Amino acid sequence: MAPQRRHASPRFFTSSSVLSVLIVPFLLFFIAFPAPAAAAGSAVIGIDVGTEYLKAVLVKPGIPLEIVLTKDSKRKETAAVAFKPTRDNTPFPERFYGGDALALAARYPDDVYANLKSLLGVPFNSDKSEAVQTYRSRYPALKLENAGERGTVGFRSDRLGEAEKKDVFLVEEILAMQLKQIKVNADNLAGKGSDVRDVVITYPSFYTAEEKRSLELAAELAGLKVDALISEGLAVGLNYATSRQFPSVSNGQKPEYHVIYDMGAGSTTASVLRFQSRSVKDVGKFNKTIQEVHVLGTGWDKALGGDSLNDLVVRDMVTELVQDKKLKDRVTPADVGSHGKTMARLWKDAEKVRQVLSANTETGASFESLYEEDFNFKYRITRSKFEQLAEQHIARVGKPLEQALSAAGLQLSDIDSVILHGGAIRTPFVQKELERVCGTSNKLRTSVNADEAAVFGAAFKGAALSPSFRVKDIRAHDVSGYAVSLKWPSESRERQQKLFTPTSQVGPEKQVTVKNLEDFEFSFYQQIPTDGNVIESPVLSVQTQNLTASVAKLKENFGCSPANITTKFSIRLSPVDGLPDVIGGAVSCEVENSKSGSVVEDFKGFFGLGAKKEQAPLNEDGEPSESITLEEEEPQASTTSSASDATSTISTKENKKATPQTKVETIPIRFSSFPLGTPAPSKTELNRIKTRLAAFDASDRDRALREEALNELESFIYRSRDLVDDEEFTKVIKPDQLATLQEKAAAASEWLSDDGEVAKTSEFQEKLKSLKDIVNPALKRKKENAARPARVELLQEVLKNAKTVMELMEKQVKQDEDLYTSSQSASSASTNGEASSTSSAEPSSTADPLEDLDEDPYSSTASQTTSTTSTPKATGPKYSIFHPSDLTGLTEIYESTNTWFETQLSIQEKLAESDDPAMTVAEVDTRLKELERTMNRIYEKMGAAAAKSGKDQSKKNSKKDKSEKTQKAKSEQEKEQKPKANVKDEL
């Protein structure tokens, strides 16, 4: 059964205004908190799902808009996946993607799946579906079948096991494999442990609801979450707008109009876009300028593209092939067209021929053993012949552009430029025809990257939707593409109303009012023009659940009559996929309101906040200012407040209160919705598909691990053989171990050639371990023997330096202690002499009668006397640089390291090179680090002492220089003051 969606409007807030006043502030308070760190670190992928290529761009904090490279470091991946049979005939074949898959097309044409985009959402009706017939003619070896209940296209593969191949592959299932491979590449780019799931995917503007849902289903099967689908034309327009500013319509300027003309491999589309800027309200009282991109109209040709041009070359090849004298009169074009390997090779070279003709006037291709074993074929074609073959296609080039302009209601003269996009746009006659349609070549622009503009636009859209990124404010507005009508029962007959046109904007809501007062079901349909007719394709069905009960409640509780009851629904085109979506519904009627005040006013009064009139602003003296309401019929009004004015105002208000007021009673409508059209896979079917995809992934993972183990074993066998012949290696391994290594390496090599094809991963790992157990210890000994002498020499040098430093420290500590001892002896002698002289000199005095009283502890005099007369006692020697504890610490480290070193070195010297070392390099390094750490602390103290000594010396020198200058100046002054002799006396 199709999945249903139940909708219920939030009745809690609408039924009680008091509770809403209480709760809403708290909700706003909690919403104001920032998002968790996990949300801030999220990433988004933009994916351009093309007919021939898949492209992806990753957006992540620290990685702004970076193309996701394939495993071969290419910027785009061929949209193909192939199943290659395995030698051990496992239930799941080996999968190849991109160019590796196309390389297998000639060998396994029945299991290479490419260009799946053209089959999404297409019914299997092989007799009526043009897309299915075209695909079957291009890939005749593939087995196309009806995909069960869905009725869409499915593929059957004989490469799977008996149980696995019972169910056909959905197109969405195979496309999901390619999308999952893109996700793996994006996760690798995002960093270890990343799991990127949010995506924005492009789609052609002609996609219907069925095709969009198929694309979403493929993304879901790949483990991706679709944030939005974006039309290819709008994605290119977004990319164009990211680096430009457009005229502001708020200032009266005219917007710009551009056409995005996109010719890809499978189809051609044209989208008319309007680019403009506008000033809108920002936070607070500020305004901000935003850029806007509006899609105004679209046009398309579903069958015009690079593949249709390649088909012309393939048909010409087949025509010349059957005319060859070896095949003539016995092979028909139908025979060649049904030969899978031949068609795969022709299609592969036809693509190259067309691309070469874009730059050259002539080219060709050569084939060996084509169709038959001994048949070789050479093909030549000129550009002029190619253009003759494509005459009908050339005439169709301008149609999408004309359709888009007609839908937008514009003329070519209104268009500023035609922006070219897509790989097939490089074909010379395509641009030439567009120049003819536009009347000039000046309108054609290559302003964007023809291959990557769409995928970058999709990634920008994803970043704009994510709360984790802040991007340029560009508002993008898409259109529905198809008209949407509503069908519902009313008055015993079905009614129909067109709700949206092909140019209706995606996103805005529409209020739809119906007369139905009982539960009913209504449906939405897309109106798809096909061959001059309009086909109505069902999209969505909606069933109300409480409409009848809600109407009865309005009648019973509020006395509403059926004529006054209104049923409304809010409907929009979903911003996610552009399909019709019912947001909510309500049934209502107008009733008399007898209450004089609102519930909010009563709530304010209950809490002492006062009504609005009591909250008037205060004057400077603190009293509320009076406000006089004047009736409109009195032209003159007095600004002074008087008693009569106040009385008239009050009476007027009382009259208003007496007049009955009306209010609208509203009851939300609950409803359920479910998609129409192609049924979605059931839960059981969905689980089966996901289980098979997971089994495929596990099989590929196990196969990759097996290949890795096999390659590692092979390389180690070759390495072991080389080591056996290495003289340096033979010195570090014992003869019996060397013989064992030779035997095991030879046995492993022979085992690989005999049983390696069917061996399991564990067997490879076991063989590898048996070889590594012999080789790795020997290699470790070789490395130790090479590195040990230098480390031993270094340790010896450090030990020597440590011993020298210890001797210096011991001398310094001894000198400081001797100096302290001598100073203590001199101090005690002088103290004894002073005491004896004082006792003999001072006469004995009478006892002070207040001597026995305690001194005032708070007296400043007592404290000063105490501090003055007290003599500080020496606590011990003062060490100039090193403390005895420094010497003790260094001595302990030195002794332990030296003892260990001498012991282990004597043992190591007795061992052979093939013995395990008694003294390893790691142990030497550990001892070195411990000793150097202690030595560094000693060196730091020495450096600090040296710096202090230099500073003191500089101070002494400066004082000496200053005293010399002062004395010199004084002598000069004395000379000047000396009285000069009389000149006459001198004469």
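1. An open sheet of six strands runs in the order β20-β19-β14-β15-β16-β21, with mixed pairing. Strands here are DSSP E runs of at least two residues and helices H or I runs of at least four, numbered from the N terminus; two strands pair if DSSP finds at least two bridges between them. At the edges, β20 (444-445) and β21 (474-477) each pair on one side only.

2. A word on the source: this is a predicted model, where local features need pLDDT of at least 70 and side-chain atom pairs count only at pLDDT 80 or more, while totals for chains, interfaces and linings use all residues. Residues are numbered from 1 along each chain as its sequence is written, and side-chain values use heavy atoms, leaving out hydrogens and water.

3. Within the sheet, β15 (residues 268-281) and β16 (residues 287-301) are antiparallel partners over 14 bridges. Here K281 stands opposite N287.

4. Which residues does L401 touch? This residue of helix α14 contacts (heavy atoms within 4.5 Å) V259, Y261, A270, V437 and C438, leaving aside residues up to four places away in sequence. L401 is buried, at 1% relative accessible area; buried means under 20%, exposed over 50% and partly exposed in between (1.4 Å probe, protein chains only).

5. Now to helix α17 (residues 547-558). Its buried residues are L547, S550, V551 and L554. The face turned away carries the exposed A549 and E556.

6. Just after α17, G559 has a positive phi of about 65°.

Note on methods. The expected span of a helix is 1.5 Å times one less than its number of residues.
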